[in-house]
Amino acid sequence: MKRNSLLLATALLIGMTGCKNTPVQKEAWISNALDAASYQLKSTAEELSGTSKFPRSIHSGYDVNFLDTQLQRENKAYIDSLHPNPEALQLGQKRLCGIADWTSGFFPGSLWYAYELTGDEELKKRAIEYTNILNPIRELKGTHDVGFMMNCSYGNALRLAPNDTIKAVLVETADNLCARFNPEIGCIRSWDFGAWNFPVIIDNMMNLDLLFNVYKLTGDEKYKNVAVKHAQTTMKNHFRPDYTSYHVVSYNNDGSVEIKQTHQGKNAESAWSRGQAWGVYGYTSCYRETRDTAFRQEAVHIADMIMERVKTDDLIPYWDYDAPAGEKTPRDASAAAVTASAFLELSTFVPDGKKYSDYAETILKNLSGPKYLAAKGSNQGYVLMHSTGSLPHGSEIDVPLNYADYYYMEALKRYIDLKNKG
């Protein structure tokens with residue numbers, strides 16, 4: 001009963017205190033993108049209303065021989081970890097998830113960004129509805145992904161419709177994330193599965209924003225200290241001399257490195273595309289919150305590496321930078337969207353920032369073209385096409401992904417803000 005009251009209070013408070021948005025003047029391609037995105041998001045929200053489910057992607061199959069040509073591994077053990085191919089009736093249909101899925105916060109977050117960019121009250125109503133569904137995640141302790149889940153949803157709600165109820169949710173969530181921090185190792189544990197002793201993935205850099213935000217809400221330095229230490233340890237051990245990143249680094253109990261490898265990339269030494277995007281985004285955020293120039297320099301090094309390594313004509317990378325390039329090699333629009341969002345923010349922190357904002361603009365314009373931006377009523381209601389979740393597991397290959405949509409919307413917001421300042 002207490003939780004139901006809290007949910008109701010959250011809904012009422014968000015609804016009563018929302019900000020008023022005045023849409024800005026936009027370039028034609030942005031207007032078209034926001035029109036299409038808003039339509040897709042609203043139609044999906046209406047379709048799933050009352051189900052307590054979130055859109056994640058589309059059910060897709062795979063051919064083992066094709067995966068083999070992409071992975072080029074002598075050891076074929078990956079075949080044993082392939083996800084089962086969906087049943088024929090599921091293929092091409094919307095793949096849904098519940099609140100405990102690591103991607104559950106992205107759809108409400110996309111709704112918040114779409115509302116902020118358009119002022120459409122229907123989007124705000126839906127953002128409130130889907131954000132409130134996630135309230136029980138405040139008690140979840142078994143994953144590092146609570147940053148994705150709650151900062152993208154409740155974090156945006158707090159920014160656009162602040163109230164003390166939302167603050168309490170974020171603080172409790174941050175406490176559970178901090179409980180996964182090991183001071184001897186200097187990192188937040190990522191996963192509780194697998195044979196690793198203490199696995200940390202580059203994705204975990206994205207959850208630090210939750211800790212920084214709660215530090216600002218409470219003034220308690222423990223949140224900031226955990227985030228900073230995690231970023232420092234990751235900077236020390238995750239990156240190669242060329243500033244590409246390992247996906248997984250597992251630690252021994254004394255803080256020494258147990259193993260460096262991949263879980264979703266081509267191989268242990270390859271540059272998994274989304275992992276590189278997580279890295280530049282995470283260190284840009286860390287610089288924003290600390291003004292520690294070591295973090296800014298790391299972000300610059302990663303950004304420069306990305307600009308050198310991505311060779312596709314439209315700057316939408318293949319699923320792994322080291323994947324065999326070809327017409328059928330899957331792209332990852334989610335990696336491109338995360339990169340664009342990160343580059344736009346990084347451009348405001350460095351003297352030569354225009355090269356990063358120009359690069360991001362090219363990505364955004366290409367994502368906003370017919371090759372990647374879905375037409376209204378298509379793509380099972382998702383905004384972007386052509387992302388890749390985990391090719392080595394045969395999972396979500398060349399499909400829309402809810403987090404591609406989220407970071408695309410965030411990048412559009414950052415782009416518009418920069419243009420308005422200019």
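Trainee: In this predicted model, which residues of the largest nonpolar core touch the most other members?
Mentor: The largest nonpolar core of the predicted model has 111 residues. Helix 14, residues 402-421, gives the most to this core, with 10 residues. The members that touch the most others are Leu211, Leu367, Tyr407 and Tyr408.

Trainee: Leaving aside its neighbours within four places in sequence, which residues are in contact with Leu367?
Mentor: Leu367 belongs to the largest nonpolar core. With neighbours within four places in sequence left aside, the contacts of Leu367 are Ile316, Ala333, Ala336, Ala337, Tyr372, Leu373, Leu384 and Tyr408.

Trainee: How many residues make up the second, separate core?
Mentor: Among the members of the second core are Tyr62, Leu71, Tyr78 and Ile397. This core is separate, and its residues number nine.

Trainee: Which residues lie closest to the centre of the largest pocket?
Mentor: The largest pocket holds about 770 Å³ of space. Its lining is made up of 29 residues, which divide by class into 13 nonpolar, five polar and 11 charged. Closest to the centre are Tyr113, Arg159, Arg288, Glu410 and Arg414.

Trainee: Which helix gives the most to the lining of the largest pocket?
Mentor: Helix 6 (146-160), helix 8 (208-218), helix 10 (273-290), helix 12 (333-346) and helix 14 each supply at least two residues of this lining. The one that gives the most, with eight residues, is helix 14.

Trainee: What is the class make-up of the lining of the second largest pocket?
Mentor: The second largest pocket has a volume of about 470 Å³. Of its 26 lining residues, Arg56, Trp102, Trp191, His263 and Gln264 are the closest to the centre. Strand 8 (387-390) and strand 9 (395-399) each supply at least two residues of the lining. By class, the lining has eight charged, seven nonpolar and 11 polar residues.

Trainee: What volume does the largest cavity have?
Mentor: There are two cavities of 30 Å³ or more. The lining of the largest cavity includes Leu41, Pro55, Phe107 and Asp405, and its residues divide into four nonpolar, five polar and one charged. The space in the largest cavity is about 70 Å³.

Trainee: Which helix gives the most to the lining of the second largest cavity?
Mentor: The second largest cavity has a volume of about 50 Å³, and its lining has 10 nonpolar, two polar and no charged residues. Helix 10, helix 12 and helix 13 (354-367) each supply at least two lining residues. The most, three residues, come from helix 12.

Trainee: Why is the pair of Trp102 and Phe148 edge-to-face?
Mentor: The structure holds 24 aromatic pairs. Planes over 60 degrees apart count as edge-to-face. The ring centres of Trp102 and Phe148 lie 5.3 Å apart, and the pair is edge-to-face because the planes stand at 65 degrees.

Trainee: How many residues apart in sequence are the parts that Phe239 and Tyr283 tie together?
Mentor: The rings of Phe239 and Tyr283 have centres 5.8 Å apart and planes at 70 degrees, so the pair is edge-to-face. Phe239 is buried at 11% relative accessibility, and Tyr283 is buried at 0%. Phe239 lies in the loop between helix 9 (221-237) and strand 6 (248-251) and Tyr283 in helix 10, so the parts tied together are 44 residues apart.

Terms used. Residues numbered from 1 in each chain as written. Predicted model: local features only at pLDDT ≥ 70, side-chain atom pairs only at ≥ 80, totals over all residues. Heavy atoms only, no water. Core = buried A, V, L, I, M, F, W, Y, C linked by side-chain atoms within 4.5 Å. Buried < 20%, exposed > 50% of the residue type's maximum accessible area, 1.4 Å probe, protein only. Helix = DSSP H or I, 4+ residues; strand = E, 2+ residues; numbered from the N terminus. Contact = heavy atoms within 4.5 Å. 1 Å grid on protein atoms, 1.4 Å probe; cavity = no way out; pocket = protein on both sides within 12 Å on 5 of 7 lines; lining within 4 Å. Points joined across faces, edges and corners; volume = space filled by probe spheres on them. Nonpolar A, V, L, I, M, F, W, Y, C, P; charged D, E, K, R; others polar. Phe/Tyr/Trp six-rings, centres within 6.5 Å; stacked < 30°, edge-to-face > 60°.
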